[in-house]
Amino acid sequence: RAALVKADQNGKEEWIQYLDAGSYLFSVKETSDGGYIATGYYECDDMDCYPDLYLLKTDSEGAVEWEISDGTEENNEWAKDVIETDDEHLVITGVWNDDGWNSKAFLRKYTKNGELVWHKTFSNSTANEGNALMENSDNELIFVGYSGTQHGAYKFFMVKTDSDGNQIWKKAKESVGDAIFYSVCEAPDGGLVGAGFCNSWRSNLIAKRNPSNGNNVWNECIIGETSVGGIYDITPALGGGYYLIDERSNLIKIDEDGQIIFTEQVSSNLSVIELSNGDIVVGGGNAFIDGGYGGSATITRLSFTE
């Protein structure tokens, strides 16, 4: 059962809204009207049905204004990330028509009232997934995830489209062992930086691509610190470089070339933002992003100097 929780700047709970049983959420964002959008999947109790992608819109207090679930009748669909675009539409990415061996990554665009505008699928191999999504300063869409075969042989995957979801380029690249992107952001120079895991879940992966053609600028499979499980979120730092949070709750800062500046152990592992005053907020909990063990949800605000 999914829940939406809002906290004030001091971490004190303002409200919590529980959703229907069978609902699971991976991503939530604030919208331009002060409400929230969230996405994930919905799984019914019937043994004969399959998970469907789930998308909902709330008001500023978390009350659901509308919700939809959609998918195929015989296979699995789920959404991993959602954004509000510059034209105030909503776009989600995730997995479409997954039968356990074959799947497509997808982009779906909706109006702010939840009406489907278009649906696009993408693949570079038999199994494909979108994990994170962004809109760049040119209103183009970029999503990242993996492409390969199910249950192994993963390549980290990045796709760029125009605002209507028409593919501009797609790139799938091998690394040391299996590799997946979990997050993406735009660099100050317009480059695209993805982060995730390499070395088959044992090492952190950071890579930068040229926005015009998707070619590799640099990539780092950081094998020096093994058994870290991968980077789950990345955000540009105000003073240059990037902040990262990995599966073992390491807050990492890197420079513009991907070199580590410092690592700090914190108590959350799924998301990271930098506030306008330079404070860092990390959230999530001690939970593996694709399943496994669980734990309590946490949010932590840090203020420090290097």
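Okay, so when I say helix or strand, I mean a DSSP run, numbered from the N terminus: helices are H or I with at least four residues, strands are E with at least two. This is a predicted model, so to speak: local features need pLDDT of at least 70, side-chain atom pairs count only at pLDDT 80 or more, and totals for chains, interfaces and linings use all residues. Residues are numbered from 1 along each chain as its sequence is written, and side-chain values use heavy atoms, with hydrogens and water left out.

Let's start with Asp70, which sits in strand 6, residues 64–70. Asp70 is partly exposed at 31% relative accessible area; buried would be under 20%, exposed over 50%, with a 1.4 Å probe and protein chains only. Its side chain has a polar contact of 2.7 Å with the side chain of Arg108. By polar contact I mean N or O atoms within 3.5 Å, one able to donate a hydrogen and the other to accept it, and residues adjacent in sequence count only if both atoms are side-chain atoms.

Next, Asn199, in the loop between strand 16 (192–198) and strand 17 (203–209). Asn199 is buried, at 10% relative accessibility, and its side chain makes a polar contact with that of Ser203, at 3.0 Å.

Now the cores: buried Ala, Val, Leu, Ile, Met, Phe, Trp, Tyr and Cys residues joined through side-chain atoms within 4.5 Å. The largest has 15 residues, and Met158, Phe181 and Val184 touch the most other members. Strands giving it two or more residues include strand 11 (127–135) and strand 12 (141–149). A second, separate core of 13 residues includes Cys185 and Tyr242.
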